[in-house]
Protein chains: 4
Amino acid sequence: MSRMSVRNWISSIADRGRELLDLPLSAPQDPFMRLATLCHDLVSQKGEARGTALAREVVRGWEDLAESEHLRFFNIMQNEFSADRIAVIEAAEAYKADPTESNLATLTQASEPARQELLRRINMAPGGTRAIVDMRNSLLNALKENRHLEPLNADMQHLLTSWFNRGFLELRHIDWETSASILEKLIRYEAVHEIQGWDDLRRRLADDRKCFAFFHPAMPDDPLIFVEVALVHGLADSVQALLAPEIDETAQSRANTAIFYSISNCQTGLRGISFGNFLIKQVVEELKREFPKLEQFATLSPIPGFMGWLRTRQKSDTDDAKQAAEILKAMEDDSWVNDAARAEALKKNAMQLCARYLAHAKRGKAPMDPTARFHLGNGARLERLNWMGDISTKGLRQSGGIMVNYAYHLNDIERNHESLVNDGKIALSRAVSQLAGNQG
Amino acid sequence: MSRMSVRNWISSIADRGRELLDLPLSAPQDPFMRLATLCHDLVSQKGEARGTALAREVVRGWEDLAESEHLRFFNIMQNEFSADRIAVIEAAEAYKADPTESNLATLTQASEPARQELLRRINMAPGGTRAIVDMRNSLLNALKENRHLEPLNADMQHLLTSWFNRGFLELRHIDWETSASILEKLIRYEAVHEIQGWDDLRRRLADDRKCFAFFHPAMPDDPLIFVEVALVHGLADSVQALLAPEIDETAQSRANTAIFYSISNCQTGLRGISFGNFLIKQVVEELKREFPKLEQFATLSPIPGFMGWLRTRQKSDTDDAKQAAEILKAMEDDSWVNDAARAEALKKNAMQLCARYLAHAKRGKAPMDPTARFHLGNGARLERLNWMGDISTKGLRQSGGIMVNYAYHLNDIERNHESLVNDGKIALSRAVSQLAGNQG
Amino acid sequence: MSRMSVRNWISSIADRGRELLDLPLSAPQDPFMRLATLCHDLVSQKGEARGTALAREVVRGWEDLAESEHLRFFNIMQNEFSADRIAVIEAAEAYKADPTESNLATLTQASEPARQELLRRINMAPGGTRAIVDMRNSLLNALKENRHLEPLNADMQHLLTSWFNRGFLELRHIDWETSASILEKLIRYEAVHEIQGWDDLRRRLADDRKCFAFFHPAMPDDPLIFVEVALVHGLADSVQALLAPEIDETAQSRANTAIFYSISNCQTGLRGISFGNFLIKQVVEELKREFPKLEQFATLSPIPGFMGWLRTRQKSDTDDAKQAAEILKAMEDDSWVNDAARAEALKKNAMQLCARYLAHAKRGKAPMDPTARFHLGNGARLERLNWMGDISTKGLRQSGGIMVNYAYHLNDIERNHESLVNDGKIALSRAVSQLAGNQG
Amino acid sequence: MSRMSVRNWISSIADRGRELLDLPLSAPQDPFMRLATLCHDLVSQKGEARGTALAREVVRGWEDLAESEHLRFFNIMQNEFSADRIAVIEAAEAYKADPTESNLATLTQASEPARQELLRRINMAPGGTRAIVDMRNSLLNALKENRHLEPLNADMQHLLTSWFNRGFLELRHIDWETSASILEKLIRYEAVHEIQGWDDLRRRLADDRKCFAFFHPAMPDDPLIFVEVALVHGLADSVQALLAPEIDETAQSRANTAIFYSISNCQTGLRGISFGNFLIKQVVEELKREFPKLEQFATLSPIPGFMGWLRTRQKSDTDDAKQAAEILKAMEDDSWVNDAARAEALKKNAMQLCARYLAHAKRGKAPMDPTARFHLGNGARLERLNWMGDISTKGLRQSGGIMVNYAYHLNDIERNHESLVNDGKIALSRAVSQLAGNQG
């Protein structure tokens with residue numbers, strides 16, 4: 001079945017769709033049926049003839065659709081915009097009999113569901129990309145209770161991955177000269193250390209701080225992901241110090257270290273499409289170029305899974321169980337933070353177990369902690385643990401107040417990544433290695 | 001087979017590829033083997049770890065590859081970056097047994113050849129999109145004698161179609177304020193009426209002329225397609241008049257008609273991905289907004305297949321044969337152009353046959369003439385034939401000196417397009433219809 | 001004395017200056033003496049040779065100068081950078097004897113104080129314009145107790161007027177896409193109705209509000225003046241309604257009136273250089289073009305001098321005295337605002353006297369009220385008084401809670417302006433005219 | 001007389017002007033009288049009221065004025081827009097009696113002719129600056145036979161100098177990405193080595209060439225001055241080599257020297273306002289920053305006065321007379337250029353006299369040669385003479401085929417400039433000094 005015949009078939013389902021929908025069309029006031037019809041038209045010849053006009057109407061139809069109708073719409077997208085079963089099976093038989101590249105190509109085309117073409121055509125409209133990202137956002141919500149929509153999700157993710165290819169993204173430096181429209185999105189999307197308002201934001205955009213974001217040309221005012229960086233002297237060990245409102249005027253000139261202290265995804269509709277690793281690596285290169293004095297690039301990161309792991313651990317029959325229980329008891333409320341003696345008493349045990357958690361707790365070959373998984377998976381090295389590095393309520397609840405530095409040495413990234421993926425080996429500094437001990 | 005397992009498999013072929021290639025690696029000076037190895041690395045874990053760096057090396061490797069090695073490289077892309085045959089067949093069997101959307105999704109993914117992922121990863125590099133467009137350009141050349149590469153071509157076209165989606169394109173007004181770097185590309189790419197140099201270009205960018213082009217954000221200095229428009233009073237009937245160096249200062253203010261007199265694709269590597277219909281329709285809307293006095297939007301187009309058709313026709317046993325022979329004889333050399341009497345004598349016959357050719361000569365349901373096919377397929381109407389509308393050598397050789405106006409009435413576009421596609425019915429003005437007669 | 005000889009003379013005073021200053025130069029650590037010397041150098045040959053480098057040092061010297069030294073510096077600018085007395089007198093004698101244009105030119109040049117050239121040369125530095133505006137700002141403060149510096153002020157104002165010529169200013173539309181750096185300046189500079197923070201600002205930049213500012217190319221991030229406009233239906237009568245946080249989504253589409261509800265100068269250093277009249281007129285034109293449905297352009301303005309005038313009036317022996325006293329007594333505290341009956345009782349008297357104040361109270365031929373002076377001087381017409389138009393504390397203290405609309409009819413502007421300037425005749429609507437009565 | 005009274009007086013002359021002009025107004029079709037009236041209105045109250053609208057009409061009036069009427073218009077500007085004689089004389093008397101700064105300020109203001117205010121107000125219009133530059137251009141032509149217009153010229157130059165202050169200019173890098181509209185102006189304005197067309201221009205904008213220009217914000221598409229630079233290895237000695245179409249791909253990377261081979265003023269209306277010295281110095285700084293390997297910055301310049309000086313010299317009774325006569329005879333036609341022996345025979349004498357001309361021929365303290373005067377006045381050093389450095393016809397006619405390098409060492413610029421201005425001492429390299437001999 002050639003591409004042409006795929007097209008013809010798309011037109012034919014569109015026509016079938018129209019017939020099915022003809023009745024409801026007598027009630028043109030129903031925005032849902034109108035949208036479904038427009039989608040069928042869009043993948044038909046009408047779509048070819050009327051160009052972007054029809055796509056625009058679909059986008060508007062989607063925007064006007066009540067949220068309560070989204071699920072119904074997703075079911076239509078999945079069920080009415082599938083592939084031609086007969087054509088798929090014929091192509092598969094042909095390939096099985098003679099697995100040539102040519103037969104494979106026929107099968108590849110035949111097995112592509114019509115909803116991919118539908119999405120590509122929606123994307124022709126101004127605002128189409130934005131609409132599809134929004135659709136996926138809604139679909140991800142719906143998925144929780146409607147696992148059967150996974151194929152539609154796979155198609156959306158497939159297309160979005162292709163469209164939000166690294167090569168199409170634009171890295172922009174964000175500062176106080178950036179538009180308020182974009183800056184307010186930073187305030188809204190900051191996921192790690194909440195931005196308290198415009199004054200807090202302004203401090204994070206002062207001369208000794210840097211912020212970078214990726215943008216896609218089809219959504220020029222919507223950051224996809226952004227990272228906040230502090231230029232400091234030596235590895236930072238406390239996020240509260242970094243976020244303090246005072247600006248050390250001399251800091252930038254003395255800085256030899258760039259600390260990535262927050263990285264936030266902005267578009268839930270793009271979940272599963274990874275930008276973070278590209279962003280960090282490109283920002284390292286940008287900063288190196290602009291500030292040749294920088295010698296070290298590292299994060300100051302939470303350990304979001306640590307306290308949860310401790311709770312599991314205390315119930316286990318490992319050697320750690322008693323230690324874990326003691327720590328959890330001591331941290332039951334947050335008062336220890338203001339009691340130097342109690343804090344000091346806790347430190348050794350807590351740091352040790354945290355190091356063990358990061359160095360040894362795994363999900364498959366990958367680290368169990370999600371932040372560790374991200375940075376170590378990118379090829380970073382677990383450099384240092386910082387006691388009382390984040391004494392905010394959130395920091396205490398999740399990470400026992402500890403923060404960790406992951407260091408990015410561009411030269412080691414590939415080796416670290418491969419060791420992890422192939423052998424499950426985590427790159428550790430000597431200090432962390434010692435703290436984690438040798439047992440598992 | 002989940003997307004994850006596809007990835008693993010990609011890594012495994014990459015590793016296999018490496019083994020196969022290990023020997024030649026002992027000769028690291030061979031740029032071809034180096035490029036092949038880099039491609040295998042790129043789709044493997046290394047590609048994930050090293051992000052855009054590896055993609056950049058592949059792009060450079062491609063750029064440095066001798067043209068004589070291109071074919072060899074395309075063969076590797078097609079043969080070493082296919083799909084996992086076993087996985088494809090298993091997925092196909094599962095779908096055949098139970099044609100659920102979920103099984104379809106597995107099959108869709110399994111049957112996607114690894115070269116698609118390879119291309120997506122090459123695209124991560126700065127300049128990656130440009131490199132892939134260049135690859136396709138070279139592949140299209142190679143295809144002529146290597147039809148077996150059609151599957152690779154299908155994959156490239158599939159991805160490029162998705163990436164050069166209308167929604168990602170930017171329409172730009174081109175004028176004398178545009179950079180010389182872009183303007184010189186217009187001179188180079190103009191395909192219909194050659195631009196004679198900077199003075200000629202400047203005239204085509206004067207106040208009573210407009211030029212618009214589509215650009216893609218990943219190739220911001222490379223127009224994809226551009227259209228040249230003349231603002232005139234009444235339908236233009238001669239391209240020589242339009243291209244004359246004199247500027248009628250009052251023309252713009254009196255203009256009620258926009259004549260699209262040239263539309264040129266710039267990137268042969270994007271052949272088969274259609275921009276022209278979107279461009280014309282959007283330019284019509286732009287012009288309407290900017291010049292509310294415009295009432296009519298039409299082309300002034302060649303009839304590139306007319307003289308060739310006449311030559312076939314004279315050998316046919318149709319009623320036209322004699323007429324065709326007479327015309328061909330009279331036009332044997334170009335001297336008739338300067339002889340009013342001979343020109344007048346020719347006119348009636350030539351116009352009549354030309355109208356018949358345009359109105360009745362078909363390839364399937366579509367018009368035989370390629371320019372007619374494009375504009376009528378877009379939903380335009382065949383409005384008028386213009387005797388001696390293009391008396392350049394090229395105009396005489398191809399079109400017998402005749403030019404035609406295709407009119408774009410936005411309201412009729414959809415109906416015209418559907419009548420053509422469904423019923424093979426060509427939209428004609430009354431005048432052309434009469435000229436073409438009623439017989440076939 | 002030719003321009004060349006003026007230059008030579010400047011050099012000679014620079015050299016004299018240097019001699020005078022040579023002693024203190026032995027203490028190069030004194031930033032004040034260093035700045036004075038740099039200024040002398042700048043108007044000398046050194047200034048010509050070293051181009052902008054020296055100007056840059058003067059700018060830096062000024063920026064580093066303690067505020068307590070400003071007055072001393074201004075005295076030096078005035079006294080050491082004057083004109084050549086002998087040359088002036090000679091040129092004046094020559095002109096008196098023979099008042100040719102040529103002799104006038106010599107006198108014009110001779111009588112220009114060297115500080116004008118000094119300022120022009122400071123202006124060559126990057127940031128020079130900004131520095132001079134800051135200087136003038138400081139000078140205006142100093143002037144209050146140092147009237148003798150008026151000549152220096154006249155020179156600064158003369159140059160700044162020439163440099164901030166309307167033709168060099170750029171009108172920019174300010175909205176939520178504008179940089180935070182500029183927006184925070186709006187918050188800081190708003191002089192009429194204080195902006196309460198970013199949320200308030202955002203509301204003022206919503207779709208049914210417009211904001212425009214003038215910028216100078218040498219200070220691209222510093223607005224000079226800005227105006228805030230509300231698009232509404234019918235003349236607005238209450239500023240509290242305009243500033244309310246709720247947005248009427250349909251307002252913009254229904255709007256037939258543009259209300260200028262706030263206009264703020266941003267640079268005190270540019271006092272006396274008028275931008276406001278240009279700004280309002282150009283914004284009227286911009287809005288007309290963008291929103292052809294707008295029929296009416298008017299302000300909603302305070303009457304800042306009204307309550308003060310009432311206090312004078314109650315002590316006068318005019319017929320108004322008793323009325324004024326009653327109003328003042330009733331408005332002694334602000335509780336009447338919340339008491340409909342008392343407010344109603346006050347209304348007639350207060351509105352009448354306010355109308356009389358605006359229509360008849362004069363300073364020379366000009367209206368006594370400063371806001372009235374500005375708008376009526378621009379050619380606007382006093383259109384309507386609005387009872388309880390501004391019930392903020394400030395509104396009550398200054399304007400008795402009343403606000404007024406000045407209407408801008410572009411066609412009447414010239415006539416209104418001339419009637420006012422020549423005959424002291426204020427343009428009034430019929431309603432205001434009746435309210436103000438016929439007596440004076 | 002306060003600034004206010006100046007204004008009143010301006011209004012009064014405007015009114016007088018109107019009376020005088022009232023008669024011709026009965027012939028409103030006379031564009032000249034209309035323009036004169038508009039000018040009077042513009043400096044009157046009408047100008048204040050109608051803002052930029054009136055200024056716009058004056059600009060249009062000027063643009064429409066026949067060239068043959070320019071002189072008449074300049075006479076009106078000079079005669080009808082003077083100062084108030086009585087007020088000037090009173091102010092002068094007051095100053096003479098009591099030369100305070102305050103009395104000086106009054107005199108400064110009184111003696112400023114009304115035409116300065118007229119020009120400032122014309123400048124309020126869009127395109128006003130451009131119009132005034134054009135006026136000055138025309139005035140400079142008229143001046144040749146109308147020396148009495150010098151005062152008007154002085155006023156224009158005075159204002160333009162203030163407006164085209166270095167601080168307001170923008171340096172832009174010109175390359176192939178620049179708009180065709182600006183590039184064609186480079187072709188038109190190149191004054192030193194004619195640009196032969198777009199291909200020649202493109203070569204001058206290749207990677208091993210740089211071009212920079214100053215722009216003023218009020219004339220954003222019109223370069224004021226531009227300089228062309230070649231990046232080469234070692235001091236360039238031949239302009240034909242620099243202009244050759246071949247590009248040495250490796251040149252930029254090996255370059256240690258920036259050669260300024262052409263500098264052209266674009267706006268004759270700005271004659272006498274110097275940009276060149278600022279431009280060269282800023283470009284030196286730009287290039288240093290971008291290409292840290294550059295060690296040397298020098299020109300490759302013609303000696304436009306050399307051959308003329310030789311002709312004078314041969315008639316003098318100096319020791320050079322005979323030598324000069326011989327050179328002139330040998331260079332009578334250009335054939336020697338192609339005859340190595342004759343060229344060699346000429347070389348010693350010609351180089352020696354040329355060195356003497358540059359090192360010793362003076363006009364006052366300044367070098368006689370205009371190009372030498374410019375560069376040496378800027379503080380450059382006469383570095384080297386290059387035999388047969390420019391063998392174009394123009395090069396042979398003016399400079400005897402010799403070219404010279406002036407070197408810019410930023411550190412020596414001030415000292416060189418001062419030595420020249422104070423002592424008439426020209427900075428020479430040792431080699432040139434020897435060549436020039438010790439006698440005068």
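**Exercise 1. Helix 6 of chain A**

Which exposed residues does the face of helix 6 of chain A turned away from its buried side carry? Find them, then work out how the helix is placed in this predicted model.

*Solution.* 
Step 1. The face turned away from the buried side carries Ile86(A) and Ala97(A), both exposed.
Step 2. List the buried residues of helix 6 of chain A: Val88(A), Ala91(A), Ala92(A) and Tyr95(A).
Step 3. Look down the axis of helix 6 of chain A. Its buried residues fall within an arc of 100°, so they line one face of the helix.
Step 4. Find the partners of that face. The buried residues of helix 6 of chain A pack against helix 7 (101-110) of chain A, together with helix 6 (85-97) of chain B.
Step 5. Check the length. Helix 6 of chain A covers residues 85-97, 13 residues in total. From first C-alpha to last it reaches 18 Å, close to the 18 Å expected at 1.5 Å a residue.

**Exercise 2. Contacts between chains**

Sort these chain pairs into touching and not touching: D with C, B with D, B with C, A with D.

*Solution.* 
Step 1. Take chains D and C. Here 51 residues of chain D are in contact with 50 residues of chain C.
Step 2. Ask what chain D brings. Elements giving two or more residues to this side include helix 3 (45-50), helix 9 (128-143), helix 10 (150-163) and helix 21 (413-423) of chain D.
Step 3. Classify the side of chain D that touches chain C: 22 nonpolar, 17 polar and twelve charged residues.
Step 4. Take chains B and D. The contact uses eight residues from chain B and eight residues from chain D.
Step 5. On the chain B side, helix 11 (residues 180-189) gives the largest share, three residues. By class, that side has four nonpolar, three polar and one charged residues.
Step 6. Take the other two pairs. Chains B and C do not touch, with nearest C-alpha atoms 13 Å apart. Chains A and D do not touch either, and their nearest C-alpha atoms are 14 Å apart.

**Exercise 3. Confidence and fold of chain A**

Decide where chain A should be read with care, then describe its make-up.

*Solution.* 
Step 1. Start with the complex: the predictor gives an ipTM of 0.87 and a pTM of 0.89.
Step 2. The mean pLDDT of chain A is 89, and 91% of its residues reach 70 or more.
Step 3. pLDDT stays under 50 over residues 1-9 of chain A. It also stays under 50 over residues 13-27 of chain A.
Step 4. Where pLDDT is low, predicted coordinates should not be read in detail.
Step 5. Describe the chain. Chain A has 22 helices and nine strands. Buried residues make up 45% of its 440 residues.
Step 6. Its C-alpha atoms fill a box of roughly 80 × 50 × 40 Å along the principal axes.

Conventions
Residues numbered from 1 in each chain as written. Chains lettered and ligands numbered in written order. Predicted model: local features only at pLDDT ≥ 70, side-chain atom pairs only at ≥ 80, totals over all residues. Contact = placed C-beta atoms within 7 Å. Helix = DSSP H or I, 4+ residues; strand = E, 2+ residues; numbered from the N terminus. Expected span 1.5 Å × (residues − 1). Buried ≥ 20, exposed ≤ 12 C-beta atoms within 10 Å, placed from the backbone. Arc of directions from axis to C-beta. Nonpolar A, V, L, I, M, F, W, Y, C, P; charged D, E, K, R; others polar. pLDDT = per-residue confidence, 0-100.
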